[in-house]
Amino acid sequence: MPSFRFELRCEGRVAGIDEAGRGPLAGPVYAAAAVIDRTRAARKLLRMIDDSKKLSHEQREEAYEAMVASGVVQFAIAEASVEEIDRINILQATFLAMRRALQALSEQPEVVLVDGNRAPPSLGCRAETIVGGDAHSYSIAAASIFAKVARDRYMTKLAETFPGYGWESNRGYGSAQHLQALELLGPTPHHRMSFAPLNRLL
């Protein structure tokens with residue numbers, strides 16, 4: 001389970017940042033920033049927060065709603081569009097979404113904990129990178145859940161308008177169903193044309 005170890009070693013207000021959707025062939029990349037009031041967070045809530053990849057769909061949804069209702073987690077969710085991904089590449093688009101999420105917080109932090117080994121430039125505050133951070137920091141884990149749930153919901157809704165690609169289940173990743181649909185139906189405006197599989201198919 002995560003802990004507040006990394007938050008506690010930092011002075012001042014600490015936010016965790018994580019992303020969802022760097023690898024898919026379709027859809028935007030999402031990022032979220034989360035600040036947890038450590039003095040008021042109930043143990044029951046903290047037990048629900050973990051690396052989003054370790055949680056089932058139902059557990060993520062439950063944790064998302066519990067954090068929203070708790071009143072002790074401040075968060076913001078942002079995205080970078082498919083057009084931005086194709087124009088500036090997925091890494092820079094991910095950094096852009098992270099900056100947008102951080103800027104959308106109602107109160108800016110003094111320190112940002114970023115999952116991974118690279119922090120976005122121009123955050124406006126000190127940043128610390130933590131490899132596997134969503135398994136070690138509650139703030140990053142919370143951000144991972146917010147970003148993942150928000151993106152999954154978006155892709156599920158998008159699947160209603162663009163059926164056949166399986167986005168309601170594969171979330172835009174290159175599953176066999178998705179690749180087969182690309183061959184039969186072709187790409188949509190929501191596909192990342194700069195990604196190699198699409199280049200090969202086209």
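I started with helix 3, residues 57-70: its 14 residues reach 20 Å from first C-alpha to last, close to the 20 Å expected at 1.5 Å a residue. Helices here are DSSP runs of H or I with at least four residues, strands are E runs of at least two, and both are numbered from the N terminus. The expected span is 1.5 Å times one less than the number of residues.

The model is predicted: local features need pLDDT of at least 70, side-chain atom pairs count only at pLDDT 80 or more, and totals for chains, interfaces and linings use all residues. Residues are numbered from 1 along each chain as its sequence is written, and side-chain values use heavy atoms, with hydrogens and water left out.

Next I checked burial (buried is under 20% relative accessible area, exposed over 50%, partly exposed in between; 1.4 Å probe, protein chains only). Arg60, Ala63, Tyr64 and Met67 are the buried residues of helix 3. Seen down the axis, they fall within an arc of 105°, so they line one face of the helix. I note that the arc is that of the directions from the helix axis to the C-beta atoms. The face turned away from the buried side carries exposed Glu58, Glu62 and Ala69.

What covers the buried residues? I found that helix 2 (43-48), strand 3 (73-80) and helix 6 (138-161) are among the cover, with contact meaning heavy atoms within 4.5 Å.

Last, I looked just past the helix. Glycine 71 takes a positive phi of about 80° there.
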